[in-house]
Amino acid sequence: MKQFCLFITLLTGSLLACRDYTPAFTPGPDDPRLTGTWRLAERRFRKDSTFSVTDTNKIPRRDTGTIIRDGKAIRFDTVATIIETIRTPRDTSFDVLRRYPATPPQTLTFGADGRLTANGSEMTYFNPIRTFLLDRTFPDSLFINLYIATNGANVPSRMRLAFQRDTLTLLPGCETPCWLKFVRAQ
């Protein structure tokens with residue numbers, strides 16, 4: 001009887017361990033403006049750059065006083081030079097505008113089922129993102145929520161989105177103007 005209970009417990013545990021705990025994803029209504037494959041044509045981004053400036057200051061320090069040695073008072077007057085070093089970091093970040101040729105293709109594919117597929121060496125930011133949802137909360141602007149599935153949860157990352165003919169522009173939140181411009185590939 002003990003062996004039977006142990007067998008049932010082990011069987012139940014192994015079956016539960018194989019269960020998928022990823023929450024179900026509902027993409028919402030399909031938008032024909034977005035569905036399809038888009039090729040990266042242009043990207044503006046901030047290139048981080050810093051360097052440190054080292055300044056040295058020579059500070060003379062005068063020391064005077066009296067010490068008693070063997071019962072005699074000895075006056076001293078010395079000048080010592082102290083070298084002070086100051087390192088100041090400077091931000092030299094700059095904006096980069098990069099245009100991409102048609103080959104090798106850098107693409108994002110937005111499926112009607114809410115799935116996102118990224119291809120190309122410049123699309124590594126989008127690799128962990130599997131699903132998306134158009135957010136029409138604000139009537140005067142369109143947003144896209146990109147979902148990173150991690151530890152059984154869908155964590156959203158939100159970007160503004162704009163269409164102009166066959167051009168899709170993603171506008172991430174940056175301190176300076178930045179964007180990713182895509183042209184429709186299919």
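**Entry 1: Aromatic pairs.** I took two rings of Phe, Tyr or Trp as a pair if their centres lie within 6.5 Å, with planes under 30 degrees apart counted as stacked, over 60 as edge-to-face and the rest as tilted. Under that criterion I found 3 aromatic pairs in the structure, which is a predicted model.

I looked up W38 and F163: the ring centres are 6.4 Å apart and the planes stand at 50°, so I recorded the pair as tilted. W38 belongs to strand β1 and F163 to strand β9, so this pair ties together parts separated by 125 residues in sequence. I noted W38 as buried, at 0% relative accessible area, whereas F163 is partly exposed at 25%.

I then looked up F110 and F132: their centres are 5.0 Å apart with the planes at 90°, so the pair is edge-to-face. F110 lies in strand β5 and F132 in strand β7, so the parts tied together here are 22 residues apart in sequence. F110 is buried with a relative accessible area of 2%, and F132 is buried with 7%.

**Entry 2: Charges over rings.** I recorded the charged end of R43 over the ring of F45, 3.9 Å from the ring centre. I also recorded the charged end of R158 over the ring of F143, at 4.2 Å from its centre.

**Entry 3: Nonpolar core.** I listed 22 residues in the largest nonpolar core. For F126, leaving aside neighbours within four places in sequence, I found contacts with L108, L116, A118, L146, M159, L170 and L180.

**Entry 4: Disulfide.** My search of the whole structure returned 1 disulfide. It joins C174 to C178, with an S to S distance of 1.8 Å. The link of C174 and C178 is right-handed, with 85° about the S-S bond. I noted C174 as partly exposed at 41% relative accessibility and C178 as buried at 9%.

**Entry 5: Whole chain.** Buried residues make up 24% of the 186 residues. Of the contacts with a separation of 6 or more, 53% involve residues 24 or more positions apart. I recorded an accessible surface of about 13,300 Å², 55% of it belonging to carbon and sulfur atoms.

Notes: Residues numbered from 1 in each chain as written. Predicted model: local features only at pLDDT ≥ 70, side-chain atom pairs only at ≥ 80, totals over all residues. Heavy atoms only, no water. Core = buried A, V, L, I, M, F, W, Y, C linked by side-chain atoms within 4.5 Å. Buried < 20%, exposed > 50% of the residue type's maximum accessible area, 1.4 Å probe, protein only. Contact = heavy atoms within 4.5 Å. Areas by Shrake-Rupley, 256 points an atom, 1.4 Å probe, with all protein chains shown as cover. Disulfide = S-S within 2.5 Å. Phe/Tyr/Trp six-rings, centres within 6.5 Å; stacked < 30°, edge-to-face > 60°. Helix = DSSP H or I, 4+ residues; strand = E, 2+ residues; numbered from the N terminus. Lys NZ or Arg CZ within 6 Å of the ring centre and 35° of its normal.
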